[in-house]
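I opened this model to take notes on its fold and on how its chains meet. The entries follow the order in which I looked things up.

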Amino acid sequence: MLARRIIPCLDVKDGVVVKGVKFKNHKVVGDILELAQRYRDEGADELVFYDITASTDDRTISPDWVSKVSQVLDIPFCVAGGIKTIEAARARLEEGADKISINSPALMRPDLINELKDAFGRQCIVVGIDSYFDGEDYRVKSHTGDPDKTRETGRETLDWIVEAVQRGAGEIVLNCINQDGVRDGYDLLQLISARGLCKVPLIASGGAGTIQHFEDVFKKANVDGALAASVFHKNIIPIPKLKTELQRAGIEIRI
Amino acid sequence: MNVVIVDTGCANLASVGFALDRIGAKKTITKDPKKIKKAKRVILPGVGAAPFAMQNLRERELVETLQNLTQPILGICLGMQLLFNFTEEGEVPALGMVHGRVLDLETGNQPSPHMGWNTLENVADDPLLKGVNSGDYAYFVHSYAVPVDHYTLASTTHGDTFSAIIRQDNIFGCQFHPERSGATGARILENFLKASL
C-alpha cells in the first residue's frame with residue numbers, strides 16, 4: 001500500500017534554512033546540507049526546499065545547493081521559489097530536483113502550469129497554494145515570502161486548486177497561512193474540502209504542533225502527505241517517534 | 001565495472017549518476033552508440049512523457065543500438081516503459097525489446113499520479129533482488145504502468161496491481177526510482193552492477 005508521506009519543509013533564504021511565524025520574522029535554523037542529511041537519516045519520506053526570497057526578489061537562477069542536495073539524498077526532494085520559466089525549471093530538474101513547485105508565478109501567469117506539464121510531465125509539477133481565511137472564504141495570496149510584498153489575488157482557494165489540476169499540476173501543497181508556524185493543528189475543514197476536489201496527491205501544510213495533528217490530518221482529511229517545518233527543526237516532534245506512533249494508529253507509514 | 005547511463009535528454013540523469021557515485025561505481029553518461037555497445041552494464045533512465053523520450057532516442061539514433069544490446073540493461077521508470085512494444089501514453093510504439101503494452105494506470109478512487117513510497121510485493125528470487133524482500137518500500141512517480149505478466153519480478157498495488165520490477169533475459173526494469181528509494185534502491189543498483197546476471 002502507498003504510504004502517507006512525512007515531509008519536512010526547509011525554507012531557504014540567502015543560502016541558509018530559516019523559519020518564521022505566519023511567514024514573518026525569519027530566524028536562521030541551520031545549514032541546508034546538514035539538515036537535509038539529518039532528515040534523511042531520521043526517515044523523512046521527502047524534502048521540500050522553498051527558496052522564499054526568490055519570488056519577491058525576482059531571481060530565477062538555479063541555486064548552487066540543488067546539485068549538492070541531490071548528491072547526498074537518496075530520497076526525493078522538491079525545489080520551490082522563483083521558477084517562472086521552462087528554463088528555470090529545467091535547470092533545477094537537471095541538477096537533480098525530483099519535482100519543482102510553483103506558487104506566485106503560476107498565479108501571475110497560469111499558462112506556466114500547462115507549459116511545464118508539456119515540457120516535463122505532470123509528475124514533477126507541484127503547485128503550492130498559500131490560502132488565507134478572511135472570515136468568510138478561503139482566498140489565495142501570492143508573494144508571501146515577504147510581508148511587504150504579499151498580494152491578495154482575489155481567487156478562491158478551491159477554484160484555484162481545480163484550475164491548477166486541470167492545467168497540469170501533478171500535486172497540490174495547500175498551505176493554510178492562518179495556521180503557519182503557530183502549531184495549532186492543520187486546517188482540517190479546509191483540507192477536507194480540498195481533498196474532495198483534488199484528484200492528484202494533496203499535501204497538507206501549516207499548523208503541525210503535535211503527533212495527534214498528523215494523525216488527524218491523515219485520518220480526517222485523507223491527505224497523501226503532511227508537511228511541517230518548525231516542529232522538526234526544533235526537534236519538538238522527532239520523526240522516528242512520529243512515524244512509529246502513526247503506524248501504531250493504523251496509518252500506512254514507511255518505517 | 002564499466003557502466004553507462006544513456007543520455008536520453010530527460011531530466012533525471014544527474015540523480016541516477018549521483019546514486020551510482022554513492023555506491024562507488026564509475027559511470028559514464030553518454031549518447032555515443034559505441035560507448036553504449038561496449039559497456040558492461042547499461043542504464044536507461046527516463047522521466048517525462050513517452051512520445052518526447054522516444055523522439056529523443058530516434059533523433060540520437062539510439063533505437064537500434066538499444067534493441068541489439070546483449071549485456072544487462074536496466075530501464076528506470078519511463079526508461080522501463082520504453083522497453084515494451086507500445087505505450088498508451090501518447091499512443092506511441094516504443095523500443096519493443098519486451099513483448100507487452102504499457103497501460104494508463106487505473107487508480108480507482110485513489111489519487112493519480114501514483115506518487116510516493118509503496119511496497120514491493122511477491123518479490124521473486126533473482127540475483128537483481130538479493131537482499132530485497134516483499135514489503136520493502138520504493139519511491140514511485142508515474143501515471144502509466146506495465147501489467148503483471150511472466151516477466152514480473154515484483155508487483156505493487158495502487159488501485160490496479162502492476163509490475164514494479166521486470167526481467168526478460170538481459171533486460172531489467174524498475175517502475176520506481178531506485179536512485180530515490182533509500183537503502184532498497186541502492187541495493188538493487190548495486191546488485192545490477194555487481195551480481196552475475
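**Chain B, overall**

I began with contacts in chain B between residues at least 6 apart in sequence, and found that 68% of them join residues at least 24 apart, where two residues are in contact if their C-beta atoms, placed from the backbone, lie within 7 Å. I note that this is a predicted model, in which local features need pLDDT of at least 70 and side-chain atom pairs count only at pLDDT 80 or more, while totals for chains, interfaces and linings use all residues. Residues are numbered from 1 along each chain as its sequence is written, and chains are lettered from A and ligands numbered from 1 in the order in which they are written.

I then looked up the secondary structure of chain B, which comes to 6 helices and 13 strands; helices (H or I, at least four residues) and strands (E, at least two) are DSSP runs, numbered from the N terminus. The radius of gyration of chain B, taken over C-alpha atoms, is 15 Å, close to the 16 Å that the globule rule gives for 197 residues, so chain B is as compact as a globular protein of that length. The rule itself is 2.2 Å times the number of residues to the power 0.38. Along its principal axes, the C-alpha trace of chain B spans about 45 × 35 × 30 Å.

**The sheet of chain B**

I traced an open sheet of 7 strands in chain B, in the order S2-S1-S3-S4-S13-S12-S11 and with mixed pairing; two strands pair if DSSP finds at least two bridges between them. Its edge strands, S2 (27-30) and S11 (152-158) of chain B, each pair on one side only. Within this chain, strand S1 (residues 3-6) and strand S3 (residues 41-44) pair in the parallel sense over 3 bridges, and B:Val3 stands opposite B:Arg41 in S3(B).

**Helix H3 of chain B**

Which residues of helix H3 (residues 50-59) of chain B are buried? I list B:Ala50, B:Phe52, B:Ala53, B:Met54 and B:Leu57, a residue being buried if 20 or more other C-beta atoms lie within 10 Å of its own. What covers them includes helix H4 (63-67), helix H5 (78-81), strand S5 (84-87) and strand S6 (92-93) of chain B. Just after H3(B), B:Glu61 takes a positive phi of about 55°.

**Where chain A meets chain B**

Last, I looked up the interface, where 27 residues of chain A are in contact with 27 residues of chain B. On the side of chain A that touches chain B, helix H3 (65-72) and helix H4 (86-94) of chain A each supply at least two residues.

Notes:
Buried ≥ 20, exposed ≤ 12 C-beta atoms within 10 Å, placed from the backbone.
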